[in-house]
Amino acid sequence: MTDAGKTILVTGASSGIGRAVAAHLAKDGWRVFGTSRSGRGGPEGVEMIACDVDSDDSVTRAVSAAAVHTGRIDALVNNAGWALMGAIEDTAIAEAKAQMETNFFGVLRMTRAVLPLMRTQGGGHIVNISSLSGVFGTPFSGVYSAAKFAVEGMSEALRLEARPFGIRVALVEPGDFRTNLPSMRRTVAAAAASEYAAAFQRFHKNQAKDEAKAPLPEPVAVLVAKILADPNPRARYSVGMFTQRMVGPLKRFLPGALFEAIIRAALKV
Ligand SMILES: NC(=O)c1ccc[n+]([C@@H]2O[C@H](COP(=O)([O-])OP(=O)(O)OC[C@H]3O[C@@H](n4cnc5c(N)ncnc54)[C@H](OP(=O)(O)O)[C@@H]3O)[C@@H](O)[C@H]2O)c1
């Protein structure tokens with residue numbers, strides 16, 4: 001089967017990266033089911049389904065709704081997510097759990113829901129949208145990073161487990177892209193009156209400057225399409241501005257202390 005006519009489910013298709021991915025694949029001829037919590041807001045050519053990835057029932061209903069039309073789901077892009085900001089010391093356990101609920105358990109839930117179908121149909125692709133924060137622990141985004149590291153570990157394991165069933169798993173590690181992520185960001189309640197407030201503000205100002213220069217997310221969509229067309233994709237792909245794409249190789253090849261010094265200087269922490 002060529003990509004045209006294949007069925008894909010993209011979570012978080014109402015905005016940003018997910019919307020760009022869904023639109024791009026629909027233009028390529030995929031039958032695209034996109035999700036958002038309201039079931040609205042998708043681009044042209046994308047069939048939207050309501051799905052809150054925090055909820056078992058909602059995920060089960062959404063996957064069934066997509067599968068009922070075509071009897072198969074050839075690919076899943078786990079993209080839905082949001083970002084929690086704040087120092088680790090200031091992060092309440094409930095705040096951390098909410099972040100993990102969407103950004104890690106949401107990915108796990110969706111993945112578990114599509115795997116039985118992918119196994120019985122003889123294969124499929126799962127692409128998990130991680131982050132540069134899944135490559136190194138980003139200050140003042142420590143729990144966001146933790147969720148992305150968890151997605152990275154789970155994806156590596158699933159890649160090995162699911163391969164005999166023809167299921168291919170890949171991670172995408174975007175740098176900064178211009179989306180609604182900054183405006184949807186939640187800051188921990190204790191941040192304002194914190195000992196870390198000055199450092200946090202400095203970091204945040206610097207981050208906002210990087211985000212203002214960030215490109216639109218089309219390159220992520222092009223990369224996802226390339227991964228889906230590959231019968232044997234790599235484990236991980238970085239995408240974004242050159243200096244951000246360099247972080248993975250620098251972490252792999254530089255001594256730890258030197259890598260950390262570069263990160264401290266670059267992030268002004
Ligand atoms: N933008 C970047 O610079 C960047 C960099 C690295 C990684 N990422 C990752 O890329 C992914 C997409 O982010 P984005 O930048 O495109 O942000 P965005 O524009 O805010 O889009 C987030 C999407 O996730 C959906 N969503 C949020 N919570 C959800 C939930 N509980 N259940 C279902 N859907 C939910 C939103 O849909 P509704 O609100 O309509 O439900 C929306 O469609 C995230 O995983 C993020 O961590 C982004």
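Helices here are DSSP runs of H or I with at least four residues, numbered from the N terminus. All views below come from a predicted model.

**View 1. Lysine 268, in the segment after α10.** Helix α10 covers 256-267, and lysine 268 sits in the segment that follows it. Its phi is positive, at about 55 degrees, although the residue is not a glycine. For context, most residues other than glycine have a negative phi.

View 2. Phenylalanine 140 has 12% relative accessibility, so it counts as buried.

**View 3. Helices α3 and α4, packed together.** Two packed helices are described by the angle between their axes and the distance between the axes. In this pair, α3 spans residues 93-121 and α4 spans residues 142-162; their axes come within 8 Å and cross at roughly 20 degrees. Angles under 35 degrees count as roughly parallel, so that's the label α3 and α4 get. The crossing of α3 past α4 is right-handed. On the α3 side, the residues meeting α4 include Ala96, Met100, Phe104, Val107 and Leu115. On the α4 side, the list includes Tyr144, Ala147, Lys148, Val151 and Leu158. Sorted by class, this contact is made up of 14 nonpolar, three polar and one charged residues.

**View 4. Glutamine 244, in helix α8.** Helix α8 takes in residues 242-245, glutamine 244 among them. Glutamine 244 counts as buried because its relative accessibility is 11%. What does glutamine 244 contact once its neighbours within four places in sequence are left aside? The answer is Leu132, Gly175 and Asp176. For the aspartate, zoom in on the backbone: a polar atom of the glutamine 244 side chain lies 2.7 Å from the backbone nitrogen of aspartate 176.

**View 5. Glutamate 211, in helix α6.** Glutamate 211 belongs to α6, which is made of residues 197-213. With a relative accessible area of 14%, glutamate 211 is buried. Skip the residues up to four places away in sequence, and glutamate 211 touches Asp176, Arg178, Pro182 and Arg185. Asp176 turned up in the previous view too, as a contact of glutamine 244.

Methods. Residues numbered from 1 in each chain as written. Predicted model: local features only at pLDDT ≥ 70, side-chain atom pairs only at ≥ 80, totals over all residues. Heavy atoms only, no water. Axes fitted to C-alpha atoms, helices over the stretch in contact; angles between N-to-C directions. Helix = DSSP H or I, 4+ residues; strand = E, 2+ residues; numbered from the N terminus. Parallel < 35°, antiparallel > 145°, perpendicular 65-115°, else oblique. Left-handed = near helix turned anticlockwise from the far one by under 90°. Contact = heavy atoms within 4.5 Å. Nonpolar A, V, L, I, M, F, W, Y, C, P; charged D, E, K, R; others polar. Buried < 20%, exposed > 50% of the residue type's maximum accessible area, 1.4 Å probe, protein only. Polar contact = N/O pair within 3.5 Å; in protein donor to acceptor, adjacent residues only side chain to side chain.
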